[in-house]
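User: I would like to learn how to read pockets and helix packing in a protein model. Please take one structure as the example.

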Amino acid sequence: MLPTQDDDVPTGLDRRDWIAGLERGVGIIEAFDDAHPRMTASEAGQRTGLTRTAARRYLLTLQHMGYVASDGKLFWLTPRVLRLGQSYLDSARLPRIAQPFLQRVAVGTHETAYLSVLDGDDVVYIARNGPQRQMSTGYVLGARVPAQTTAAGLLMLALLPEAASQAWWTGRKLQVFTSFTLADPEALRREMARVRAQDWALSEQQLDLNSRGIAVPLRDHHGEVHGALNVTMPMGQEGSEAAVARVLPVLREAAQAMRNLI
């Protein structure tokens, strides 16, 4: 993420209220990922558009705050960063509202139920209820998964407003995770159109082999989409139609019951 210069105040924000340094500090934290778990100040600067000197100052400040550790050359995040995500899970209203309804879905389907939201290119799981299942990808609270590879993400992408949808597709390169992953743009567009028309999504073996997801939108009483309720399960011997017939009505009932509470 390139930092915004002091003169480039974001649209809709008064210059007096803009703190560019905060954006840059968060940008440094977000620069660490699975491909860049440890970086020098120069590498962090290259990934954030900062000079080495500026990146080093931010890193040393974050180190003082306990969010970053260092051996004198390389820097890496510490577990304290998880406090930021935990603060959301502890304070956000939506996960608390959803919990009894997720329990209802879990009991009614004997599967693990999730509340998911769309964050950029990813789906983020912010609440769950149900049995722990051994899946090759960890669907845990706070987990981020490429949106188009999950039922919940596919659904929320399909329901995006036109401008947001066009922005998501701009320069999009679809990554392949399994031999079943929809990596052809035209095929994915057709699937999104189908999902939009039926207002629910089924995803099978897109991210993990032998994994199936079913999702419905979570709307408020104005019809605005706030997330998705979904079930993720191993496919086993159950066919797609049987799984949808068993799970979809329970998800829809829970989502409808939540509409006036959001």
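Analyst: What follows goes from the overall fold to a helix pair and then to the pockets. The model is predicted, so local features need pLDDT of at least 70 and side-chain atom pairs pLDDT 80 or more, while totals for chains, interfaces and linings use all residues. Residues are numbered from 1 along each chain as its sequence is written, and side-chain values use heavy atoms, with hydrogens and water left out.

User: How many helices and strands are in the chain?

Analyst: Helices (H or I, at least four residues) and strands (E, at least two) are DSSP runs, numbered from the N terminus. The chain has nine helices and eight strands.

User: What radius of gyration does the chain have, and what would a compact globule have?

Analyst: The radius of gyration is taken over C-alpha atoms, and the globule rule is 2.2 Å times the number of residues to the power 0.38. For 262 residues a compact globule would be near 18 Å; the chain has 20 Å, which agrees. The C-alpha trace spans about 60 × 40 × 40 Å along its principal axes.

User: At what angle do α2 and α3 cross?

Analyst: Axes are lines fitted to C-alpha atoms, for helices over the stretch in contact, with angles from 0 to 180 degrees between N-to-C directions. The axes of α2 (residues 41-48) and α3 come within 8 Å and cross at roughly 105°. That makes α2 roughly perpendicular to α3 (under 35 degrees is roughly parallel, over 145 roughly antiparallel, 65 to 115 roughly perpendicular, the rest oblique).

User: Which residues of α2 and α3 meet?

Analyst: Contact means heavy atoms within 4.5 Å. Ala-41, Ser-42, Ala-44 and Gly-45 of α2 meet Arg-52, Ala-55, Arg-56 and Leu-59 of α3.

User: What is the volume of the largest pocket, and which residues are closest to its centre?

Analyst: On a 1 Å grid over the protein atoms alone, a pocket is an open set of points where a 1.4 Å probe fits, with protein on both sides within 12 Å along at least five of seven lines; lining residues have an atom within 4 Å of a point. Points are joined across faces, edges and corners, and the volume is the space filled by probe spheres set on them. The largest pocket has about 1,100 Å³. Of its 23 lining residues, Gly-85, Asp-119, Val-124, Gly-142 and Arg-144 are the closest to its centre. Helix α4 (82-91) gives the most to this lining, with six residues.

User: What is the volume of the second largest pocket, and which helix gives the most to its lining?

Analyst: Its volume is about 210 Å³, and α1 gives the most to the lining, with five residues.
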